[in-house]
Amino acid sequence: MALRNIRINDDPILRMVSRPVETVDRRTQILIEDMFETMYDAGGVGLAAVQVGVLKRVIVIDTGEEGEKLVLINPEILKTDGVQTGEEGCLSFPGKAGIVTRPDIVTVKAMDEKGNWYTKTGKDLLARAFCHEIDHLNGDLYIDKVQKWVER
């Protein structure tokens, strides 16, 4: 495993749309391992491959709750419900935080690190992480959704 450089601020790759993963192979698994290591080192909850310069639809999330350490390959949001408004930050925008409104409950469909499809419903922080990271895959950034900036 290796730490990867997190792309920050105005790096143009952050606005690019990521491509679907065609096959989950050893290279994909190494990317996932590196992404977890990089995310943990930076103190994050989620990380999209584009944030480490790889335009693939791969996300890792670990909220610290049991059952919430996840790999999402080619994820799609199937359903959302409710509303939550709260503080959000991003490893690509260090030192910044803002108030963002997101769905409170989100159901996603994705592949795991072995290429098996699954669905998962997340609430609160996990729902926020699903939306935030999937936005990254589409070149959308939370800074565009901030209603009010928060001092950190």
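**Figure 1. Overall view of the protein, with an accessible surface of about 7800 Å².** Carbon and sulfur atoms hold 47% of that surface. Areas come from the Shrake-Rupley method with a 1.4 Å probe; for residues, only the protein chains shown count as cover. This is a predicted model: local features need pLDDT of at least 70, side-chain atom pairs count only at pLDDT 80 or more, and totals for chains, interfaces and linings use all residues. Residues are numbered from 1 along each chain as its sequence is written, and side-chain values use heavy atoms, with hydrogens and water left out.

**Figure 2. The fold has 2 helices and 8 strands.** Helices (H or I, at least four residues) and strands (E, at least two) are DSSP runs, numbered from the N terminus. Their order from the N terminus is α-β-β-β-β-β-β-β-α-β. The radius of gyration is 14 Å, close to the 15 Å of the globule rule for 152 residues, so the protein is as compact as a globular protein of that length. This radius is taken over C-alpha atoms; the rule is 2.2 Å times the number of residues to the power 0.38. The C-alpha trace spans about 40 × 30 × 25 Å along its principal axes.

Figure 3. Rings of Phe, Tyr and Trp (its six-membered ring) pair if their centres lie within 6.5 Å; planes under 30 degrees apart are stacked, over 60 edge-to-face, the rest tilted. Both residues belong to helix α1 (residues 26–42), 4 residues apart, about one helical turn. Phe 36 is buried at 10% relative accessibility. Tyr 40 is partly exposed at 39%. Buried means under 20% relative accessible area, exposed over 50%, partly exposed in between (1.4 Å probe, protein chains only).

Figure 4. Phe 93 sits in the loop between β4 (84–88) and β5 (97–102), Tyr 142 in the loop between α2 (125–137) and β8 (148–150). The two are 49 residues apart, so the pair links distant parts of the chain. Both are buried. With Trp 149 they form one aromatic cluster.

**Figure 5. Close-up of lysines over aromatic rings, including Lys 69 over Phe 36.** The charged end of Lys 69 is 4.8 Å from the ring centre of Phe 36. Lys 96 lies over the face of Trp 149, 5.5 Å from the ring centre. A charge sits over a ring if NZ of Lys or CZ of Arg is within 6 Å of the ring centre and within 35 degrees of the ring normal.
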